Amino acid sequence: MDQARTKISKLLNVEPHSYTRFNLTQNMEGDTSQVEMKLSSDMDEEVGGNGVGDHLNHNSPHKPYMTQRFRRSPKNLCFMAAATLLIFIIGYLIGYLVHRKKDFPSPPVPSVRNQVRDSPVAYETGAAPLMDWDDVKSLLAQKLSASKFEGAFSEYSSNSHRAGSAGDELLRNKVLNKFTEYRMDPWSDVHFVKVQDPPASGFNKFVFKEGPEEHPEGFLSYSATGNAKGTVVYAHYGQENDLMRLKDSNVNLSGKVLLVRAGHISYAEKVANAAKMSASAVLIYADPTDYSIGDKTQLFGHVHMGSGDPYTPGFPSFNHTQFPPVESSGLPKILAQTINLAMATRILRQLGGQATPVQWGCYHKLGNESDVITLEVNNVLAEKKISNVFGVIKGFVDADRYLVIGAQRDAWGPGFAASTVGTSVLVELARAISDMVKNDGFKPRRSIVFASWSAGEYGSVGATEWLEGYMATLNMKAFSFINLDGIVTGRSGFKVAASPLMHSLIERMLTEVDGPNNDGSLFSQFAKGNWDTNILEPLKMDNAAYPFLAFSGIPSLSFRFASGSEVYQYFGTMLDTQEKLNLATTNQVPQLAEVAARFAGHIALRLVHDHLLQMDLLKYSRSILFQVSQIKVKVGNIQRMKPQVLPKSLTVKWLITASGSFNRATQKLAKDIDNSDLNNIEKCRILNDRIMTVERNFLSPYVSPTNSPFRHILLGSGAHTLAALSNHLDILRTDSPEGDADLFRHQFALATWTIQGCAISLAGDIWALEKEI
């Protein structure tokens, strides 16, 4: 210490025995309010022998440091300047250390951002640097290649991986290990679900007329069990208009066994339509007009008119959940069974009765009273343990807001198109994006959750159970879902089904992603001048994205390379192999998988990259206005023609007002966005949260998720939807006994207030609602 003092003294040209002393005392507010300095030797001699406290005591009447001699001495003036400089330097260093201590409190507050194990990435609390979007696209393209997908197909292919089986568990472990390798903090979500399988001993069977007993090997899970006996009626595809055509032809369907073709609508919808007409059973086969799968190929599927475990409707199938026995309203009350083409042909050849309607374009008989069949379904209910697997790439700004990308892992048989391709794309996307974050400086603002579902073949059971288990969290924090099931089934077409909120983003991404063989963008190859018609299609109930949208209110997307508009003919069969998919795509499966991964990746990365979520509210505004105008016209027509059904007192004014409020609320949000600083993290978060409420608030709060799980009033299913209101008006106009004017008025009022509630939520501050909307 003496050596240091000597060096400082020499630097300042002060005698070694002189010293400067500082004493900092912190007051109650944390400020340095007192500084004590003593300059000995020359200073003491010149100002007298007062103590240290007197030198800097502001209350001292003597102020010795202001004496005449001290002021006039050049030597002391130089010395005082040097001392002042030293004081400034030391004070600056002290202030800097105090400031650093405030910036880094101890111990740190735990957060999502510092829970990444073994990660070299430093998570920030401020706005993540915005990487140029072109650089993001380029990085993703570099990480994905067709050759990598060939290896992934080999790794995730399996001939036997039905939900809950050893094969399913093996694939689950492979995905989990990959997420661990990519340091994605993986976890599993276990459910105990009830599924219906074919009888372990015995079989399902039928006897037509006096023929032999037939034993189909395929089956339809969740069919009613038991026996049914009745005459066979050929009912084409089993669509509502097919059955109404039969009814108009005076064909009585009550108690009949309907023989229908596979295709156009799901197995569940066919059975539900038959049940509405009081049929006793349904037999489904693959007609050679639509399917080229041979006459011995068996069909597998389910007939639950819904998704998830139908024995825990609306709540999750955790093993600790104790509820009294309950069943989904979507379970059929009639028997359902698939048969192969050879069995169906033997029945069709023996049918009598009148010819089929000419509009159907086929030459079968409809059947008569002598065409009796006896059907027996002996499916058994079994509880299975299934596991969903997850990994996460955490965001740097809003880590608690996340996009979900998912793919089913199970299949009835090989399931190459149904599950292997989707699982491969899921894992390859996870590898590519995690590598971009760890090695290339990409910092997503929001998180991405990668999910591998089980029991998808039984009706998106794994995905739906997860939604039910974490409903309160997911519909507040998950802002989008991308489904990777069945994304490659052909190469001549490209189809997208999605929430209208995502349509504009999808259209832009179609123009950015190059199609197969680099023959232009996906848009230029497949839109053909009208992407609404040639690419967009409705999101159906048997799609895993549907429960995310219609049950949880999360904007969702599903897409596929296809051959035409029909479903891949090998789904639900043992012929869903890599060889069959190679034939359907002219051996382009890896290349198509790469393009599919880039398309899904572009949408995901855009949603986690930008300050603002890229959602288009105008699509919903136009859709509501269109449907409300249709209802207005129909109500007016009934009031003029049948005032006793709907009196003049029923006005559409409030429904029109509600739709107008929603339109003004969307305009208000657009104005708020234009007037906001998007570099302000908190402001961006508030705006994004308002955007996220739109889909969620379309879920009707007036119906039970147990009885009507798909509560979305625009895209859901049930009497609460605007489409159901319009259909109910058609029924009232025809004097059908199914019409109920009081029920309509009740549904009408609830739909009106649901739309008004959406507008209120979207508008923003509650104190500004009257002025704004």
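## The overall picture

The protein has 26 helices and 17 strands, taken as DSSP runs numbered from the N terminus (helices are H or I, at least four residues; strands are E, at least two). It's a predicted model, so local features need pLDDT of at least 70 and side-chain atom pairs count only at pLDDT 80 or more, while totals for chains, interfaces and linings use all residues. Residues are numbered from 1 along each chain as its sequence is written, and side-chain values use heavy atoms, with hydrogens and water left out.

Of the 773 residues, 54% are buried (under 20% relative accessible area, 1.4 Å probe, protein chains only).

## Where α7 meets α12

Helix α7 (residues 146–156) packs on helix α12 (residues 416–439) at about 125°, with axes 9 Å apart. Axes are lines fitted to C-alpha atoms over the stretch in contact, and angles run from 0 to 180 degrees between N-to-C directions.

On the α7 side, the contact (heavy atoms within 4.5 Å) uses K148, F149, A152, F153 and Y156. Among the α12 partners are F416, V421 and R431.

## Where α22 meets α23

Helix α22 (residues 653–674) and helix α23 (residues 681–697) pack at about 155°, their axes 11 Å apart. That makes α22 roughly antiparallel to α23.

Here F662, K668, L669, D672 and I673 of α22 meet L687, R690, I691 and V694 of α23.

Definitions and conventions: Buried < 20%, exposed > 50% of the residue type's maximum accessible area, 1.4 Å probe, protein only. Parallel < 35°, antiparallel > 145°, perpendicular 65-115°, else oblique.
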